[in-house]
Amino acid sequence: MNKRRNLLVALGAATLVAPLAALAQQKNKVWRIGYLDAGSRQLALEARIPTFLHGMKELGYVEGKHFVMEYRFADGNNERLSALAGELVQLNADVIVSSGAAASQAVQRTTSTIPIVVAVTPDPVRDGFAMSLAKPGGNITGLSSGIAEVIQKHAELLATVQPRIARIAILLSPTNPGHTALLLNVQVAAQRSGRQVLPVAASSPEEIERGFASMTRNGADAVIVLQDSFFRQQRRQIAGLALKHRLPSSFAQLESSDAGGLFVYSADQIENFRRAAIFVDKILKGAKPGELPFELPTRYQLIINRKTANALGLTIPQELLLRADKVIE
């Protein structure tokens with residue numbers, strides 16, 4: 001009887017110790033977080049990566065102790081993204097943070113099991129990352145840039161300083177999967193106002209240069225620069241060419257405000273990277289990404305470059321200046 005009692009006690013203790021040991025192992029685990037960006041490391045280090053790491057720190061995570069980062073950058077060449085995504089999957093990342101529609105689609109094609117947090121994408125549903133914003137399903141969740149909802153606003157802004165605008169050029173990337181829908185949104189808005197849209201595709205500095213020459217040849221009156229990692233990388237070249245060709249320009253990323261474009265209108269996409277850390281935290285604690293709703297921006301900012309307006313001989317209406325979050329003199 002005593003032997004039987006001792007055996008039962010031992011079995012009971014083992015049953016109790018096993019989950020406690022598993023819990024301790026989970027608590028002491030060093031998580032591996034992958035990060036995939038279509039742009040360059042240098043550009044990501046300006047704000048996006050530090051903001052994400054700060055967000056993790058705010059949640060109590062210490063890099064090197066609680067998690068390690070694995071970074072991959074395509075340096076503006078979207079054709080490299082699939083191979084880079086494959087490397088992160090081979091490293092058995094516990095979760096992958098992706099920046100932009102192209103990077104996110106590359107990871108999505110590579111794994112259906114590793115959780116993916118999309119930090120920035122124009123339209124999560126249309127881009128194919130979610131069945132719905134409230135219930136994404138699958139292994140993907142994250143944040144939208146919201147630009148799909150407000151891209152037509154850029155045409156309206158340009159019309160405030162050039163009321164006679166008849167043709168608006170749209171600088172887009174042929175390898176960015178989100179640009180087809182954004183272009184359609186602008187075309188629909190332009191048709192309502194009786195304006196024409198001139199799509200100009202570019203995926204290299206040389207193509208950007210030729211693209212602006214073609215805008216001039218084809219009678220463009222202004223240019224809208226769509227949200228894209230490569231365009232963010234080349235923002236100073238783009239703004240400089242717009243000024244050279246006498247084209248009022250509007251950018252869709254706040255990070256481009258230092259480049260010299262006439263307008264920047266966007267949500268704060270840098271804030272998305274702090275919020276991405278919150279999604280990562282929930283997933284590491286056991287949440288299923290497909291059950292975490294995608295987030296939409298709640299606020300958009302308008303930045304006006306008065307110096308560029310003066311160089312183009314344009315007058316910014318006073319009411320628009322008063323509405324601006326920032327005016328660059």
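User: Which order do the strands take in the open sheet of 7 strands?
Analyst: In this predicted model, the order is 7-6-8-9-10-11-12, and the pairing is mixed.

User: And which strands stand at the edges?
Analyst: Those are strand 7 (196–201) and strand 12 (326–328). Each has a single partner strand, so one side of each is left without a neighbour in the sheet.

User: How much are neighbouring strands turned against each other?
Analyst: By 20° on average, with direction ignored.

User: What packs on the sheet?
Analyst: Helix 6, residues 147–161, does. That helix touches strand 6 (167–172), strand 8 (222–225), strand 9, strand 10 and strand 11 (301–305). Its direction makes about 155° with that of strand 10.

User: Let's go to strand 8. How many bridges join strand 6 to strand 8?
Analyst: There are 4 bridges, and the two strands run parallel. In that pairing, Leu171 stands opposite Val225 of strand 8.

User: What about strand 8 and strand 9, parallel or antiparallel?
Analyst: Parallel again, over 3 bridges. Here Ile224 stands opposite Ser250 in strand 9.

User: Which way do the strand 8 side chains point, and are they buried or exposed?
Analyst: Ala222 and Ile224 point one way, while Val223 and Val225 point the other way. All four residues are buried, which here means under 20% relative accessible area. As background, side chains in a regular strand alternate between the two faces of the sheet.

User: Zooming out now, how many helices and strands does the chain have?
Analyst: It has 13 helices and 12 strands. Along its principal axes, the C-alpha trace spans about 100 × 40 × 35 Å.

User: What share of the residues is buried?
Analyst: Buried residues make up 53% of the 329 in the chain.

User: And the accessible surface, what does that come to?
Analyst: About 15,400 Å², with 52% of it belonging to carbon and sulfur atoms.

User: What about contacts between residues at least 6 apart in sequence?
Analyst: Of those contacts, 70% join residues at least 24 apart.

User: Last topic, charges. How many positive and negative side chains are there?
Analyst: The chain has 37 positive and 28 negative ones. The centres of the two sets lie 5 Å apart.

Methods. Residues numbered from 1 in each chain as written. Predicted model: local features only at pLDDT ≥ 70, side-chain atom pairs only at ≥ 80, totals over all residues. Heavy atoms only, no water. Pairing = 2+ DSSP bridges. Axes fitted to C-alpha atoms, helices over the stretch in contact; angles between N-to-C directions. Contact = heavy atoms within 4.5 Å. Buried < 20%, exposed > 50% of the residue type's maximum accessible area, 1.4 Å probe, protein only. Areas by Shrake-Rupley, 256 points an atom, 1.4 Å probe, with all protein chains shown as cover. Lys, Arg positive; Asp, Glu negative; His and termini not counted. Charge placed at Lys NZ, Arg CZ, Asp CG, Glu CD.
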